[in-house]
Amino acid sequence: MLRKLLITGANGNLGSICRQRLGHIAETIRLNARKGLGDAGPNEEIVYCDLSDKAAVEAMVDGCDGIVHMGGRAVEGPWEMVKAANIDGMFNLYEGARNSSVQPRIFFASSHHTTGFHTQTTRLDPSSTPPRPDGLYGVSKVFGEALARMYFDKFGIETASVRIGSCFPEPPSHRMLSSWLSADDMIALIERIFSVPRLGCPVLYGVSNNDARWWDNSSIDYLGWRPKDNSERFRAKLNAEQTPPRRDEPDAIYQGGLFCTDGIHEE
Ligand code: 15L
């Protein structure tokens, strides 16, 4: 059991699932967002700060032996926003980890948009696939993975960079039948990451056991994570509700789908 687990982005879609379901893995859960966390529960602490505020982030990280880093920008946006949240924010978090009185183990919510320009006919192994980000957001997650790796090689800080696919109650599109990650599988993954004796610094895809998945996570078998859910059970319903994209449409060509056709967002 951890002493103190920090969950950043704790008011977001995935952060709030973590808040609801990870209370048992630490004596104290420190929750972070910029606002909107409500009242602290029995073993919760609330810290409001912006990830781009270095002093505040360092103070927040100090003393935490686990971090689930869900915070930051989770979709494409103007560079200034992506940079503040995902570049400066990551650096501040890792400087906090380096300077902390306790060395934390970190779950970093990376994204499959680090490799979004790979085609849907390509099977990717995260231990060897070159990045092909599909936007500034994807680029920022490539930076995050590289930063995590450097802090491991130089300072021994262990991180699992999890390229989260599409974590929704049901896949919202045909593309996401491949990239879907159930909340149950995500929580089971986080539990494994914080319980294996040696984590190292793996990169993996956060994806359920979908028949249609593109990703091969066999390089992280040692984590003992065996995702159980399969998006196939939603296919008939999705077919009834939506026409699948044509084979020549970006949502059927690229793993990153329409993120690949997005331009550079202006301020
Ligand atoms: C992501 O990274 C986003 O956070 C999520 O909202 C989805 O858009 C997902 O990727 C996806 O495109 O599958």
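These legends describe close-up views of one predicted model.

The model is predicted, so local features need pLDDT of at least 70, side-chain atom pairs count only at pLDDT 80 or more, and totals for chains, interfaces and linings use all residues. Residues are numbered from 1 along each chain as its sequence is written, and side-chain values use heavy atoms, with hydrogens and water left out.

**View 1. Helix 3 against helix 4.**
Helix 3 spans residues 79-99 and helix 4 spans residues 136-155. Helices (H or I, at least four residues) and strands (E, at least two) are DSSP runs, numbered from the N terminus. The axes of the two helices come within 10 Å and cross at roughly 15 degrees. That makes helix 3 roughly parallel to helix 4. Axes are lines fitted to C-alpha atoms, for helices over the stretch in contact, and angles run from 0 to 180 degrees between N-to-C directions. Angles under 35 degrees count as roughly parallel, over 145 as roughly antiparallel, 65 to 115 as roughly perpendicular and the rest as oblique. The crossing of helix 3 and helix 4 is right-handed; that is, the near helix is turned clockwise from the far one by less than a right angle. Helix 3 contributes Trp79, Val82, Asn86, Ile87, Met90, Phe91, Tyr94, Glu95 and Arg98 to the contact. From helix 4 come Leu136, Tyr137, Ser140, Lys141, Phe143, Gly144, Leu147, Ala148, Tyr151 and Phe155. Contact means heavy atoms within 4.5 Å. By class, the contact of helix 3 with helix 4 holds 13 nonpolar, three polar and three charged residues. Ala, Val, Leu, Ile, Met, Phe, Trp, Tyr, Cys and Pro count as nonpolar, Asp, Glu, Lys and Arg as charged, and the others, Gly among them, as polar.

**View 2. Helix 2 against helix 3.**
Helix 2 covers residues 54-61. Its axis and that of helix 3 come within 8 Å and cross at roughly 45 degrees. Helix 2 and helix 3 are therefore oblique to each other. Their crossing is right-handed. Lys54, Val57, Glu58 and Val61 of helix 2 meet Phe91, Asn92, Leu93, Glu95, Gly96, Ala97 and Asn99 of helix 3. The contact of helix 2 with helix 3 divides into five nonpolar, three polar and three charged residues.

**View 3. Helix 1 against helix 6.**
The axes of helix 1 and helix 6 come within 11 Å and cross at roughly 65 degrees. The two helices are therefore roughly perpendicular to each other. The crossing of helix 1 and helix 6 is right-handed. Leu14, Ile17, Cys18 and Arg21 in helix 1 meet Ala183, Asp184, Met186, Ile187 and Ile190 in helix 6. Seven nonpolar, no polar and two charged residues make up the contact of helix 1 with helix 6. Arg21 is partly exposed, with a relative accessible area of 32%. Buried means under 20% relative accessible area, exposed over 50%, partly exposed in between (1.4 Å probe, protein chains only). Leaving aside neighbours within four places in sequence, Arg21 is in contact with Ala183, Asp184 and Ile187.

**View 4. The largest nonpolar core.**
This core has 35 residues, of which Leu5, Val68, Met70, Phe107 and Met186 touch the most other members. A nonpolar core is a set of buried Ala, Val, Leu, Ile, Met, Phe, Trp, Tyr and Cys residues joined through side-chain atoms within 4.5 Å. Two or more residues each come from strand 1 (2-8), helix 1 (13-21), strand 2 (26-33), strand 5 (105-111), strand 6 (159-164) and helix 6 (183-193). Helix 6 gives the largest share of this core, five residues. Another core, of 18 residues, lies apart from it; Met60, Ala97, Ile106 and Leu147 are among its members.

**View 5. The buried side of helix 6.**
Asp185, Met186, Ile187, Leu189, Ile190 and Ile193 are the buried residues of helix 6. Their cover includes helix 1, strand 4 (66-69), strand 5, strand 6 and strand 7 (203-206).

**View 6. Two positions in the loop between strand 5 and helix 4****.**
Pro133 is found in this loop. At 26% relative accessibility, Pro133 counts as partly exposed. Pro133 touches His113, Thr114, Thr115, Phe117, Gly138, Val139 and Val142, not counting residues up to four places away in sequence. Thr122 lies in the loop between strand 5 and helix 4. Thr122 is partly exposed, with a relative accessible area of 28%. Beyond residues up to four places away in sequence, Thr122 touches Trp214 and Gln255.
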